[in-house]
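Dear colleague,

I am handing over the structure below, and after it you will find my notes on what turned up in it. Please keep the structure open while you read, so that you can look up each residue as it is named.

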Amino acid sequence: MAKETDKKQTSRVKIKKKAWVRIVAPASFGQQEIGETYVESSESMIGRNVDVNLRELTGNVKDQSAYARFRMIKAEGNTLHTEPVGYSLTPSYVKRLVRKNTSRLDDYFEFTTKASEKVVAKTIMVTRSKVQRSVQKALRVKLKEVLQQELRRPDFSGFISMLVSGKIRKQLTPLNKITPLRECAIRVLQVKGMSSEPLPEEIVSEVVEEAESGAEALDEDAGVDVEEETA
């Protein structure tokens, strides 16, 4: 009588150690903490992006309609350092700018910074009344001239700082001499080549999603994977 061998199922446990890692803004934003994530290795997050409401960085309520995008570039222990790669106004804020009997002018510009970075700027101007095409053309020419001049001075990080601080807005005041403006602003600013522009009101940061799912699934700094083997 042939002997039958029973197949045994054995479990092998793999321990994945994870830890909370802080994400901090660059020095131009005071190296404030802008988030944290629960990962096995902080190096695995390098190259990924996180979007932050500008109000959280400046403490100014007026900045709640703008978002800044940061890319993680360096890991030091349990800290991830970032650099700015984008800025955008929320779609709802842009929509509120437009009124009846006004002219809306949208433009797309490409510039090169002092550090030879290729930058894309999408702008919006809203006049206080309807204006002729000749006036619209004069506004566009002057806007491009001012932005080109300002972007030549700093690198991209420095320009973002100037934009957030309001210095760029002051440089745009000469456009009101052409015709009174309700608003003149940079709607989107980003390093050319980024996969997509920020969509502030629709984004749920991947970093936050991972942190929340990790916290719910694990009570300790370990994850368990069970692999079954048949002997």
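To begin with one ring, Phe 109 counts as buried, with a relative accessibility of 7%, and Phe 111 is likewise counted as buried, at 3%. Please bear in mind throughout that this is a predicted model. The protein chain has an average pLDDT of 82, and 77% of its residues score at least 70. Over residues 196–231, however, the pLDDT falls below 50, although this stretch still has 78 contacts in the model beyond its near neighbours in sequence.

Turning to the aromatic rings, the structure holds three aromatic pairs. One of them joins Trp 20 and Tyr 38, whose rings lie 4.9 Å apart from centre to centre with 45 degrees between their planes, and this pair is tilted. Because Trp 20 belongs to strand S2 (residues 19–24) and Tyr 38 to strand S3 (residues 33–39), the pair ties together parts that are 18 residues apart in sequence.

How exposed or buried are these two partners? Trp 20 is partly exposed, with a relative accessible area of 37%, whereas Tyr 38 counts as buried at 5% relative accessibility.

Phe 109 and Phe 111, with which these notes began, also form a pair: their ring centres are 5.8 Å apart and their planes stand at 40 degrees, so this pair is tilted. The angle matters to that label because planes under 30 degrees apart would count as stacked and those over 60 as edge-to-face.

Note on methods:
Residues numbered from 1 in each chain as written. Predicted model: local features only at pLDDT ≥ 70, side-chain atom pairs only at ≥ 80, totals over all residues. Heavy atoms only, no water. pLDDT = per-residue confidence, 0-100. Contact = heavy atoms within 4.5 Å. Phe/Tyr/Trp six-rings, centres within 6.5 Å; stacked < 30°, edge-to-face > 60°. Helix = DSSP H or I, 4+ residues; strand = E, 2+ residues; numbered from the N terminus. Buried < 20%, exposed > 50% of the residue type's maximum accessible area, 1.4 Å probe, protein only.
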